[in-house]
Amino acid sequence: MADFTKKDWWKEAVVYQIYPKSFQDSNGDGIGDLPGILSRLDYLQKLGVDALWLCPVFASPQADNGYDISDYQAIDPMFGTMEEMRTLIRQAKARGIGILLDLVLNHTSDQHRWFRQALQGRDNPYHDYYIWRDGTPDIPPNGMRAGFGGSAWTWVPELGQYYFHQFAPQQPDLNWDNPKVRQELYAMIRGWMAEGVAGFRLDVIDQVAKDPDLQVTANGPRLMEYLRELNRETFGGANLITVGEAWGADLARARQYSAPDGSVFSMVFQFEQMMLDQAGSKWNARPMPLPVLKESIARWQTGLHGCGWNSLFWNNHDLPRIVSRWGDDGACRVDSAKALAVVLHGLQGTPYIYQGEELGMTNAPYPLADLRDIESLNAYQEMRDAGKTDAEAMAAIHRMGRDNARTPMQWTAGGNAGFTTGTPWLRVNPNHTEINAEAALADPDSVFYTYQKLIALRKCCPVFAEGDFTLLCPQDDQVFAYTRTGAGQQLLVAANLSGRPAAFALPRDFAGTSPLLATQGQPADGMLRPWEAVLYCRQI
Ligand code: TEU
Ligand code: CA
């Protein structure tokens, strides 16, 4: 329950990310929708979250599941109507839950009115809304590759030109150097602000100011100028929560993006931690010893303290499920899900929970025929073309593919997990018979209640939002432990992120205090059980 009138309310908030296509279907077409989300507000309120980030629900041909928008001002009929969106905004707000929309400002769909106009001719006023280079059919302007495979340049014979796209060919990049493009986007954003949304997530926002000739995508020279202008012309001063997605953000840039003067965004999603277990490409695994993860998180905690703001997340719709990735999705699934939750939610920043994370949902290693994601399907082909075996390519996709996160939300043990009465657009994970919301709500020891407790603690102990950060035992390869100090309190968080018992001595200052949260009952002396996590708070 957020107080949206309080300045910087998002510093105490917890955001829940919804992948609308997979959350709850209300009409049996196998696709989640807005009425479905509305019908689950009770559940979300029970969890205690303050805001819902909805992945794109705008009109879209769905080449990239809504990240290819054909009309920013319309709701895709498959998700519902504008009236239903207004109802959702209103009813959520009545429960103290804000709605964040996902703005895809780097590119549109190739079916957007602007792009269709642009194709009409070089002198069409919309032509310059996109990025074009002259050429000949078989020699693209340069060797840049697109995010989902293939060249970043697609040839249009009628124009004798190539257009630039960082993602799929169905997602042409907008030309942010054209002031008209920027003004159109700002007007559209103001329109959504007038509908009463609580904020925005901004897709690949560090990739909008690009220079394809120099092969520069992220962090182009005019990026900060454009982002400050965006802020001034739209949400600046409106006390909304704004979070930019920035794969290219390092600490110095993140300080600018989340500057306390509010001149850019509230915060950014940075991906340093999410890339620690991969070599070069997400499809190439490399080991990630725990000290490496701890060092990185610690650097971001101290690096933004007092001069920026962190977003905290283990999951999103592009990443594999955290219990399968850094936890144990077998025998210790519940304990490892709780331990990872405690580690993340003790940190300074705004936590994001991705739908089903609060149930400990796992990856879904489906055969190729059951996959739907454009990235995985193209990557499979590219890996095979590069000489990888079927087994190697599938192993990479099972480890990192985006459909792992996108399987339908598991509500019940019944047919299609209670997600739909029809045929789901992406198969339901067979483990819904065991992992589902109904079972979690009925079990006081479930992962759900650990998340509920962590969310509630953030609201009642100011140290969560304000405290500084000190990493304990940095070299320990099993235990992740730290203290947070501020606002007259000190927090101690310790978790054993391994399946073996670990030595851990409670710091002397905490001796005699009882834990605010302990995931496996009364903690033992001098050690943490496999995947055990504890959280203490003392007044100072
Ligand atoms: O993702 C940004 C992005 O760079 C992704 O391609 C990411 O690298 C990949 O999914 C991780 O392997 C955003 C959205 O979150 C994603 O869903 C969209 O597909 C993408 O932008 C294009 O809009
Ligand atoms: Ca539906």
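This is a predicted model: local features need pLDDT of at least 70, side-chain atom pairs count only at pLDDT 80 or more; totals for chains, interfaces and linings use all residues.
**Ground rules.** Local features need pLDDT of at least 70 and side-chain atom pairs count only at pLDDT 80 or more, while totals for chains, interfaces and linings use all residues; side-chain values use heavy atoms, with hydrogens and water left out. Residues are numbered from 1 along each chain as its sequence is written, and chains are lettered from A and ligands numbered from 1 in the order in which they are written.

**Sheet.** I looked up the strand order first. It is β6-β8-β7, an open sheet of three strands with antiparallel pairing. Strands are DSSP runs of E, at least two residues; helices are H or I, at least four; both are numbered from the N terminus. Pairing requires that DSSP finds at least two bridges between two strands. β6 and β7 are the edge strands, each pairing on one side only. The twist averages 30 degrees from one strand to the next. (Axes are lines fitted to C-alpha atoms, for helices over the stretch in contact; angles run from 0 to 180 degrees between N-to-C directions.)

I then went through the bridges. β7 (residues 153-156) meets β8 over four bridges. T154 is opposite Y163. β7 and β8 form a hairpin with four residues between them, and G160 in the turn has a positive phi of about 65 degrees.

Next, the side chains of β8 (residues 161-164). Q161 and Y163 point one way, Y162 and F164 the other, and all are buried (under 20% relative accessible area; exposed is over 50%, partly exposed in between; 1.4 Å probe, protein chains only). In a regular strand the side chains alternate between the two faces of the sheet.

**Helix α8.** I checked its cover. Eleven of the 15 residues are buried, including K294, W300 and Q301. The cover includes α7 (251-257), β14 (311-312), β16 (468-472) and β17 (479-486). G306 follows α8 with a positive phi, near 80 degrees.

**Helix pair.** I looked up α10 (residues 333-345) against α15 (residues 447-460). Their axes come within 9 Å and cross at roughly 10 degrees. That makes α10 roughly parallel to α15 (under 35 degrees; over 145 is roughly antiparallel, 65 to 115 roughly perpendicular, the rest oblique). Contact (heavy atoms within 4.5 Å) involves residues including V334, A337 and H345 of α10 and Y451, L454 and R458 of α15.
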